[in-house]
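Subject: Structure for your review

Dear colleague,

Please find the structure below, together with its sequence. I would be grateful if you could read the notes that follow with the model open beside them.

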Amino acid sequence: MNAKQLKFFTDIDEKEVQNLIIGELREYRALKVQIENKKEQEAAGVINLFPSVREQERLNELKVKQIERVLENSLDFIERRIIEMKYFTSQETKDINIYLELGLKKGKYYEKKRAAIYRLATALGII
């Protein structure tokens, strides 16, 4: 997706959209762990192992399902790999390491990364 195509979104701050998506992707990792922990607790017959200060369990589960659906259905293979390698690992991964590992040129990598972020934002209803 190049700058000409982004003109459709004249009133959208590209940096704001990027920051929102990155925040949601980073939160997704934690929510995914939270859901797995809850399943493990239920399987062990434990209820409320940890105190909860807010009741957002159903919203969190819905958020995880929808992000997973978006990752599976709206991104191509390379876009999905970029997102997974950049945001779903426990250690910070530099862009250069990702595009070298994927065998992409720098410009193509950033084009695919930008397209993935906008596709995610669109599919999640952020834009």
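The notes below begin with the chain as a whole and then turn to individual regions.

Please bear in mind that this is a predicted model.

Overall architecture

The protein chain contains 5 helices and 0 strands, and its elements follow the order α-α-α-α-α along the sequence. Along the principal axes, the C-alpha atoms occupy a box of roughly 55 × 35 × 25 Å. The chain has 127 residues, of which 28% count as buried. Its accessible surface is about 9000 Å², with 51% of that area belonging to carbon and sulfur atoms. Among contacts with a separation of 6 or more, 69% are between residues 24 or more positions apart.

The nonpolar cores

In soluble globular proteins, nonpolar side chains tend to be buried together. In this model, the largest nonpolar core comprises 19 residues. Those with the most contacts inside this core are Ile21, Leu25, Leu71, Leu75, Ile83, Tyr87 and Leu120. At least two residues come from each of α1, α2, α3 and α5, and α1 gives the most, with 7 residues. Another core, of 6 residues, lies apart from this one and includes Ile82, Met85, Ile98 and Tyr109.

Helix α3 and its surroundings

Helix α3 spans residues 77–87, and its buried residues are Glu79, Arg80, Ile82, Ile83, Met85, Lys86 and Tyr87. These buried residues pack against α1, α2, α4 (95–102) and α5. At the start of α3, a side-chain oxygen of aspartate 76 comes to within 3.1 Å of the backbone nitrogen of isoleucine 78. As for tyrosine 87, its contacts beyond the neighbours within four places in sequence are Ile22, Leu25, Arg26, Arg29, Lys113 and Ile117.

Aspartate 95

Aspartate 95 is located in helix α4. Is this residue buried or exposed? Aspartate 95 counts as buried because its relative accessible area is 14%, and the limit for a buried residue is under 20%. Its side chain makes a polar contact of 3.3 Å with the side chain of lysine 86. Setting aside residues up to four places away in sequence, aspartate 95 touches Lys86, Tyr109, Tyr110 and Lys113.

Surface and chain end

A nonpolar patch on the surface is formed by Val46, Leu49 and Phe50, which together have about 290 Å² of accessible area. Valine 46 is placed in the loop between α1 (14–43) and α2 (57–73). With a relative accessibility of 32%, valine 46 is classed as partly exposed.

Isoleucine 127 is found in the segment after α5 (106–123). Its relative accessible area is 26%, so isoleucine 127 is likewise partly exposed. Isoleucine 127 and isoleucine 12 are separated by 115 residues in sequence, yet their C-alpha atoms are 8.0 Å apart in space.

With kind regards

Note on methods. Residues are numbered from 1 along each chain as its sequence is written. This is a predicted model: local features need pLDDT of at least 70, side-chain atom pairs count only at pLDDT 80 or more; totals for chains, interfaces and linings use all residues. Side-chain values use heavy atoms; hydrogens and water are left out. Patches are made of residues with over 30% relative accessible area and no salt bridge: like charges are joined within 9 Å, nonpolar side chains (Val, Leu, Ile, Met, Phe, Trp, Tyr) within 5 Å. Accessible areas come from the Shrake-Rupley method with a 1.4 Å probe; for residues, only the protein chains shown count as cover. A salt bridge is a side-chain nitrogen of Lys or Arg within 4 Å of a carboxyl oxygen of Asp or Glu. Helices (H or I, at least four residues) and strands (E, at least two) are DSSP runs, numbered from the N terminus. Buried means under 20% relative accessible area, exposed over 50%, partly exposed in between (1.4 Å probe, protein chains only). Contact means heavy atoms within 4.5 Å. A polar contact is a pair of N or O atoms within 3.5 Å; within protein, one must be able to donate a hydrogen and the other to accept it, and residues adjacent in sequence count only if both atoms are side-chain atoms. A nonpolar core is a set of buried Ala, Val, Leu, Ile, Met, Phe, Trp, Tyr and Cys residues joined through side-chain atoms within 4.5 Å.
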